[in-house]
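Here are my notes for you, written as a few numbered points. Keep the 3D view open while you read.

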Amino acid sequence: MEDTATNWSNSDVNDVETCIFCLIANKKDENTKIIKETKDLVCFSDIFPGAPHHYLVVPREHILSCFSLHKGHIDLVERMAKLGKDVLHDQGITDMADIRLGFHQPPFISVGHLHLHVLAPASQISKYMLYKFTPETNSFVTEEVLRKRLKSISPPLRCHYLENCKLFQCINCAQTGL
């Protein structure tokens with residue numbers, strides 16, 4: 001698979017200041033109640049639920065989409081899934097075989113901030129919303145499949161990798177070895 005970690009890269013600081021999920025994650029949106037949180041993740045209800053239980057898990061860090069991830073983010077995706085399952089458990093959901101966890105893929109994202117959809121029971125996803133949450137389509141990938149995909153995606157090169165190279169200019173710090 002093509003390395004997509006450099007495509008759909010993270011947004012600039014202006015996007016972070018206006019991103020609704022960044023505002024929610026940093027408790028600057030008074031209209032959204034955080035259901036559960038960790039030091040780097042928050043979970044809250046989706047405003048347009050597709051199932052009786054529909055939650056979003058977002059990292060506090062602004063990451064644009066699943067196309068911004070690489071193998072160094074596998075743990076993040078696992079922690080997002082765990083938090084989502086913990087919330088379902090807290091809400092009385094016991095049938096973990098009837099849940100759906102996944103990410104929309106660009107250009108099918110509604111908010112440019114990585115977010116995991118947590119839906120239960122999956123068998124009760126609204127027939128009008130089912131198309132949005134059909135696994136392994138161009139628009140929606142399950143967290144399990146995303147984790148497998150990320151194993152083959154290396155992190156993008158950063159300046160510290162180029163320290164001994166005198167031919168390339170680092171785009172992050174504008175230094176060159178020449």
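The points below go from the whole chain down to single residues.

1. First, a reminder: this is a predicted model. The protein chain has four helices and six strands. Starting at the N terminus, their order is α-α-β-β-β-α-β-β-β-α.

2. Now the whole chain. It has 178 residues, and 43% of them count as buried. The protein chain exposes about 10400 Å², with carbon and sulfur atoms supplying 52% of that. Take the contacts between residues at least 6 apart in sequence: 63% of these join residues at least 24 apart.

3. Next, the rings. How many aromatic pairs does the structure hold? There are two. In one of them, the ring centres of F21 and F44 are 5.5 Å apart and the planes sit at 65 degrees; over 60 counts as edge-to-face, so that is what this pair is. F21 belongs to helix 2 (residues 20-25) and F44 to strand 2 (residues 41-45), so the pair ties together parts that are 23 residues apart in sequence. Both F21 and F44 are buried.

4. F133 and F140 also form an edge-to-face aromatic pair, at 5.6 Å centre to centre and with 85 degrees between the planes. Are F133 and F140 buried or exposed? Both are buried.

5. Finally, have a look at S68, which sits in the loop between strand 3 (53-59) and helix 3 (74-90). Its relative accessibility is 7%, and buried means under 20%, so S68 counts as buried. S68 and P156 are 88 residues apart along the chain, and their C-alpha atoms are separated by 9.9 Å.

Conventions: Residues are numbered from 1 along each chain as its sequence is written. This is a predicted model: local features need pLDDT of at least 70, side-chain atom pairs count only at pLDDT 80 or more; totals for chains, interfaces and linings use all residues. Side-chain values use heavy atoms; hydrogens and water are left out. Rings of Phe, Tyr and Trp (its six-membered ring) pair if their centres lie within 6.5 Å; planes under 30 degrees apart count as stacked, over 60 as edge-to-face and the rest as tilted. Helices (H or I, at least four residues) and strands (E, at least two) are DSSP runs, numbered from the N terminus. Buried means under 20% relative accessible area, exposed over 50%, partly exposed in between (1.4 Å probe, protein chains only). Contact means heavy atoms within 4.5 Å. Accessible areas come from the Shrake-Rupley method with a 1.4 Å probe; for residues, only the protein chains shown count as cover.
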